[in-house]
Amino acid sequence: ASTDGRNSSVSADVIVRIGHGLYADKPTLRTKGVTWSTEEYSHAGFQRMYLRMKSIQRFTEIWALLERSASIGVFDEIFERGTGTVR
């Protein structure tokens, strides 16, 4: 059975576990010097893990950026106008 994450004969649990392993182990990093190969990126289990982890990371990065921006007055004009839009 294929384990690429597209074959319905493989259980979802197996696909998720393989994806988790690809995300954690980064096998291509050791052999080719890139974090993940195109094939690894296309694995459904990997995509699930990647989106789960990166969405948390990106959210926290954006939140911190917005806090820093607000602390130096980037949004003051928007709040003063009361329009809630940036132009």
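This is a predicted model: local features need pLDDT of at least 70, side-chain atom pairs count only at pLDDT 80 or more; totals for chains, interfaces and linings use all residues.

Visitor: Which residue does Arg58 form a salt bridge with?
Guide: Glu61. The closest N and O atoms of the two are 3.4 Å apart.

Visitor: And where do Glu61 and Arg58 lie?
Guide: Both lie in helix 4. They are 3 residues apart, about one turn of the helix.

Visitor: Is Glu61 buried or partly exposed?
Guide: Glu61 is partly exposed, at 39% relative accessibility.

Visitor: Why can side chains pair like that?
Guide: Side chains of opposite charge can pair when their charged atoms come close.

Visitor: OK. How many salt bridges does a search of the whole structure find?
Guide: It finds 2. One of them joins Asp13 and Arg17, with the closest N and O atoms 2.7 Å apart.

Visitor: How many residues apart are Asp13 and Arg17 in helix 1?
Guide: They are 4 residues apart, so about one helical turn separates them.

Visitor: And how accessible are Asp13 and Arg17?
Guide: Asp13 has a relative accessible area of 44%, so it is partly exposed. Arg17 has 52%, which makes it exposed. The cut-off for exposed is over 50%.

Visitor: Back to helix 4. What should its residues span?
Guide: Helix 4 runs over residues 44-71, which is 28 residues. At 1.5 Å a residue, they should span 40 Å. The end C-alpha atoms are 40 Å apart, so the two values agree.

Visitor: Which residues of helix 4 are buried?
Guide: Gly45, Phe46, Met49, Lys54 and Ser69.

Visitor: What about after helix 4? Which residue follows with a positive phi?
Guide: Gly73. Its phi is near 85 degrees.

Visitor: New topic. Which residue other than glycine has a positive phi near 45 degrees?
Guide: That's Lys26.

Visitor: Where does Lys26 lie?
Guide: Lys26 is in the loop between helix 1 and helix 2. Helix 2 covers residues 27-32.

Visitor: Is Lys26 buried or partly exposed?
Guide: Lys26 is partly exposed, at 26% relative accessibility. Buried would need a value under 20%.

Visitor: Great, thanks!

Methods
Residues are numbered from 1 along each chain as its sequence is written. Side-chain values use heavy atoms; hydrogens and water are left out. Helices (H or I, at least four residues) and strands (E, at least two) are DSSP runs, numbered from the N terminus. The expected span of a helix is 1.5 Å times one less than its number of residues. Buried means under 20% relative accessible area, exposed over 50%, partly exposed in between (1.4 Å probe, protein chains only). A salt bridge is a side-chain nitrogen of Lys or Arg within 4 Å of a carboxyl oxygen of Asp or Glu.
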